[in-house]
Amino acid sequence: MTSGKARSAANPRKRLAILGSTGSIGRQTLEVARAFPSRLKVEALAGGENKELLLEQLAEFRPALVASLVPLGEGELAHPCLWLSLEEMTTHPDVDLVVVATAGKAGLAPTLAALRAGKEVALANKEVLVMAGEIVMAQAQAQDVTIRPIDSEHSALWQCLEGQRGEVARLILTASGGALRDLSPEQMEEVTPAQALRHPTWSMGRKVTIDSATLMNKGMELIEAHWLFGVPLERIGVVLHPQSMVHSMVEFADGSILAQMSPPDMRLPIQYALSYPERWENPSLPRLPDQATLDFRPVPPGRYPCLELAREAALLGGTCPAVLCAADEVAVERFLAGGLAFTDIPQLIAAALGRHRRVGHPSLKQILAADAWSRRQAQAWSPRGDS
Ligand code: MG
């Protein structure tokens with residue numbers, strides 16, 4: 001590889017902490033780290049429930065700092081390491097960049113801790129900005145840290161905005177439409193978890209795959225984009241683009257639109273977040289073919305109620321997006337467990353939002369209280385309306 005001349009002995013390896021290393025984004029982050037051993041050092045790993053995989057990762061990368069949701073026994077580790085909480089890990093002096101690839105609200109406190117400590121942060125955990133965008137962005141600004149988005153859409157927007165000084169007219173998020181985009185409304189009611197989990201273009205974790213089928217994922221991305229780039233919600237649109245090759249677009253004041261294209265492979269946005277402002281040649285990443293057809297069409301009104309709920313919650317602001325996130329998480333769990341119909345997901349979320357007493361400019365404590373309240377509502381909700 002020839003493109004690494006800028007990084008020299010005076011510019012040593014970037015030391016990474018990867019939170020959520022056994023999840024889909026965590027595993028792909030480690031693939032990127034494996035491809036660039038002279039540029040990236042895995043200093044810290046925090047794993048979830050998959051103990052076996054975490055042990056494999058620890059044996060391969062030998063990080064000095066470790067955190068795990070499940071206890072690891074004495075003698076299970078082949079090398080000496082320091083056991084830390086997520087917050088101790090993200091603020092540790094030996095860590096330069098924190099990759100937040102946890103799920104749900106687990107990433108919130110460690111992200112804030114990392115920002116407070118002035119660390120570089122690469123963020124894959126959507127809920128962090130959806131739940132607490134105001135607090136997180138204020139913390140990033142106070143420390144003059146640019147949050148590096150790992151979501152493919154936000155990486156695309158970030159790349160399109162880089163170096164541009166013109167006024168932004170619109171951010172345009174692309175959506176594949178998910179696994180169920182061609183079904184009729186009647187067929188939607190009968191959808192099984194297995195069907196909804198079959199995403200046409202991306203291979204991802206279960207929660208985000210269901211969120212892609214409902215377009216809740218796109219709704220959360222709308223909120224993320226608003227916070228990351230400071231663009232008002234009414235100037236952020238969504239278009240359906242089934243090929244998932246254009247990852248998002250920016251329209252400027254003069255009508256010019258810049259788009260970012262690449263095959264649907266999360267390793268590219270992950271790598272960009274780690275290499276920024278450089279670009280590294282990675283032979284294991286796929287390239288777009290010379291021949292491709294790109295389709296764009298508007299989101300059919302009424303077809304994706306979760307997208308509309310997300311936009312409503314975003315406009316209401318305050319604690320509403322946290323309520324949306326928590327209700328969605330419970331709804332998706334209940335759907336995957338066979339306890340709810342696919343079309344119950346938006347009903348449950350709408351019921352939680354409808355009952356919520358919004359708090360404006362909430363503190364972290366108020367956000368977490370709204371989250372807990374929403375989860376209780378969502379667990380108790382019944383499609384027959386008897387809760
Ligand atoms: Mg995305």
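## Around the magnesium site

Asp 151 and Glu 221 are both buried, buried meaning under 20% relative accessible area, exposed over 50% and partly exposed in between, with a 1.4 Å probe and protein chains only. Before going further, a quick word on ground rules: this is a predicted model, where local features need pLDDT of at least 70, side-chain atom pairs count only at pLDDT 80 or more, and totals for chains, interfaces and linings use all residues. Residues are numbered from 1 along each chain as its sequence is written, and side-chain values use heavy atoms, with hydrogens and water left out.

Back to the metal. The magnesium ion is held by Asp 151 (OD), Glu 153 (OE) and Glu 221 (OE), at 2.1 to 2.2 Å. Donors here are N, O and S atoms within 2.8 Å of the metal (3.2 Å for Na, K and Ca), and as water is not among the atoms, sites may look incomplete. Along the chain, the donors of the magnesium ion follow the spacing D-x1-E-x67-E. Helices (H or I, at least four residues) and strands (E, at least two) are DSSP runs, numbered from the N terminus.

Helix 6 is largely enclosed by the rest of the structure, because 10 of its 10 residues are buried. Among those buried residues are Glu 153, His 154, Trp 158 and Cys 160. The cover over them includes strand 7, strand 8 (168–175), helix 10, strand 10 (246–252), strand 11 (257–261) and helix 11 (267–275). After helix 6 comes Gly 163, with a positive phi near 80°.

Strand 8 also holds Thr 174, which counts as buried at 5% relative accessibility. A polar atom of the Thr 174 side chain lies 2.8 Å from the backbone oxygen of Val 246. Leaving aside neighbours within four places in sequence, Thr 174 is in contact (heavy atoms within 4.5 Å) with residues including Glu 153, Lys 218, His 241 and Phe 296.

### Salt bridges

There are 21 salt bridges in the structure, each being a side-chain nitrogen of Lys or Arg within 4 Å of a carboxyl oxygen of Asp or Glu. Here are three of them, with the distance between N and O atoms.

| Asp 94 | Arg 15 | 3.8 Å |

Asp 211 is buried at 3% relative accessible area, while Lys 207 is partly exposed at 23%. Asp 371 and Arg 375 are likewise 4 residues apart, in helix 15 (residues 364–380), and about one helical turn lies between them. Both Asp 371 and Arg 375 are buried.

As for Asp 94 and Arg 15, Asp 94 is partly exposed at 31% relative accessible area, and Arg 15 is partly exposed at 25%.

### A buried arginine with no salt bridge

Where is Arg 303 found? It is in the loop between strand 12 (297–298) and helix 12 (305–316). Arg 303 is buried yet has no salt bridge, and the nearest side chain of opposite charge, Asp 182, is 6.6 Å away. For charge, Lys and Arg count as positive and Asp and Glu as negative, with His and the chain ends not counted. A polar atom of the Arg 303 side chain does lie 2.5 Å from the backbone oxygen of Leu 183. Beyond neighbours within four places in sequence, Arg 303 is in contact with Leu 180, Arg 181, Asp 182, Leu 183, Ser 184 and Met 188.

### Cysteines

How many disulfides does a search of the whole structure find? The search finds 0, a disulfide being a pair of cysteine sulfur atoms within 2.5 Å. The sulfur of Cys 325 is 12 Å from the closest cysteine sulfur, in Cys 320, which is too far for a bond. Cys 325 is buried at 2% relative accessibility, and Cys 160 is buried with a relative accessible area of 5%.

Definitions and conventions: A polar contact is a pair of N or O atoms within 3.5 Å; within protein, one must be able to donate a hydrogen and the other to accept it, and residues adjacent in sequence count only if both atoms are side-chain atoms.
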